[in-house]
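Open the model in your viewer and keep the selection panel at hand. This tour goes stop by stop: what to pick, then what is there.

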Amino acid sequence: MAHPLHFKLIQPDKSIQDFVCCFSSLRNFSNRHQAVVVPNGRIDLIFSKTKDRKVQVALLGLETQPKYPDQEVSDFCSVSFNPLAIEYIFGFPVADLLNSGKRMPDDFWGFGIEDLDDFGGFCEKMTGKISSLLPEKVDERKRRLFELVFASDGEISVAELSEKISWSPRQVNRYFNQQFGLPLKAYCKILRFQASLSHIKDGTLYPQLNFTDQSHFIKEVKQLSGVSPKELHQNKNDRFLQFLVYGPK
C-alpha cells in the first residue's frame, strides 16, 4: 500500500513575487498510479530526490498538454517561476523547452540532498538565492504585461493588453514566441484553464469564465488535461496532482 502524499505550498516573499509564483514540496510520490500534471502557466525548477538519495534538478518549460512524471522520484521540492523570471533570473529563453525540460547540474545553485529534507529551509535558502539574482531594473512593459494577464485569469485580448502597455500586438507575440515558444493567446488559454480547476474540483462542470459555450469549455479542458471536466472532477486515484493545491475534497 502506497504511503499518503504529503504536499506543502508556501507563497513567496513580497520582494520576489514578480518572479516567483510559489514553492512546493511533495513527498511519497513514487509508485503513484498514473500521476498527471496539467499545464500551470509557470516554469518549474524541480529538485528531486531519487530512491538512492541523489539529487536531480530539472527546468521545465511551459506546458500545453498533460504530462506524466517520472515515478522513480520519491520526493521533490520545486519553485514555480512566473515567466518574467526567465529573462531576468535565468537569462536565457525557454522556447525550446515547450512541453519538455532539461537537466540542470545536480548541484545547481548550491542545493544538495540535505536541503530537500527541510522544506522551510529550502524556501529560505532559495529566496536568498533568487534575491541575489534580482535585476536592478525591469522593463515596465513586461512587468505590467504579466500583472494584467494574471489579474484577468487570461481573459484579456492581445489588443487590449497592447493598448494598456503601449506595446504593439506584434511585439507582444514576438516576445512570447521568442522567450516561451508560444503566442500570448495560447498562454492565456492555459491561465483560463487553471482558473477553472477550482470550479471543476468542486463539481461545477460548466464554464464560469469566458468560454464560448459548453462544448468549447469541454474541448479546452480535454486539450489541456487529457480528459473531460467530469473525469477531471472525479480524479480517480487522486492522479491529477494540481488538485493538491486546493486541499482535500
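This is a predicted model: local features need pLDDT of at least 70, side-chain atom pairs count only at pLDDT 80 or more; totals for chains, interfaces and linings use all residues.

**Stop 1: the loop around Asp153**

Stay on Asp153. The loop that holds Asp153 runs between α3 (140-151) and α4 (158-165). Check the backbone torsions here. Asp153 is not a glycine, yet its phi is positive, at about 55°.

**Stop 2: helix α4**

Pick Val158, Leu161, Ser162 and Ile165, which are buried. Now look down the helix axis. The buried residues of α4 fall within an arc of 100°, so they line one face of the helix. Next, show the neighbours. The buried residues of α4 pack against α3, α5 (169-180) and α6. Turn to the face away from that buried side. Ala159 and Glu163 are the exposed residues carried there. Then step just past the end of α4. Ser166 sits there with a positive phi of about 55°.

**Stop 3: Ile200 in α6**

Select Ile200, a residue of helix α6. Its relative accessibility is 0%, so Ile200 counts as buried. Which residues does Ile200 contact, leaving aside its neighbours within four places in sequence? Show Leu205, Phe217, Val221, Pro229, Leu232, His233 and Phe243. Draw a distance from Ile200 to Val221. The two are 21 residues apart in sequence, and their C-alpha atoms are 9.9 Å apart.

**Stop 4: Glu220 in α7**

Go to helix α7 (residues 214-225) and pick Glu220. Glu220 has 6% relative accessibility and therefore counts as buried. Display its surroundings. Not counting residues up to four places away in sequence, Glu220 touches Lys189, Arg192 and Phe211.

**Stop 5: the strands**

Switch to a cartoon view. Start with β1 (residues 6-10), which pairs with β2 in the antiparallel sense over 5 bridges. To find one of the bridges, select Leu9 and its partner in β2, Ser24. Colour β2 (residues 20-27) by accessibility. 6 of its 8 residues are buried, leaving the strand mostly covered.

Now select β3 and β4. They run antiparallel, joined by 6 bridges. Ser48 has Gln56 in β4 as its bridge partner. The two strands form a hairpin, with 4 residues between them. Zoom in on the turn: Arg53 has a positive phi of about 60°.

β4 and β6 pair in the antiparallel sense over 4 bridges. Here, the bridge partner of Ala58 is Arg103 in β6.

**Stop 6**

Pick Leu97, in the loop between α1 (84-90) and β6. Leu97 has a relative accessible area of 5%, which means it is buried. Leaving aside neighbours within four places in sequence, Leu97 is in contact with Leu59, Gly61, Leu62 and Lys102. Check Gly61 with the distance tool.

Then jump to Trp109, in the loop between β6 (101-104) and α2 (119-133). Trp109 has a relative accessible area of 18%, under the 20% cut-off, so it is buried. Trp109 is not a glycine, but its phi is positive, at about 60°.

**Stop 6: the largest pocket**

Finish at the largest pocket, which holds about 1,100 Å³ of space. Which of its 43 lining residues are the closest to the centre? Select Val37, Asn40, Asp44, Ser80 and Gln242. Now colour the lining by residue class. The lining divides into 26 nonpolar, 10 polar and 7 charged residues. Last, trace the elements behind the lining. At least two lining residues each come from β1, β2, β3 (43-50), β4 (55-60), β5 (73-81) and α6 (184-201).

Technical notes:
Residues are numbered from 1 along each chain as its sequence is written. Side-chain values use heavy atoms; hydrogens and water are left out. Buried means under 20% relative accessible area, exposed over 50%, partly exposed in between (1.4 Å probe, protein chains only). Two strands pair if DSSP finds at least two bridges between them. On a 1 Å grid over the protein atoms alone, a cavity is a set of points where a 1.4 Å probe fits but cannot get out, and a pocket is an open set with protein on both sides within 12 Å along at least five of seven lines; lining residues have an atom within 4 Å of a point. Grid points are joined across faces, edges and corners, and a volume is the space filled by probe spheres set on the points. Ala, Val, Leu, Ile, Met, Phe, Trp, Tyr, Cys and Pro count as nonpolar, Asp, Glu, Lys and Arg as charged, and the others, Gly among them, as polar. Contact means heavy atoms within 4.5 Å. The arc is that of the directions from the helix axis to the C-beta atoms.
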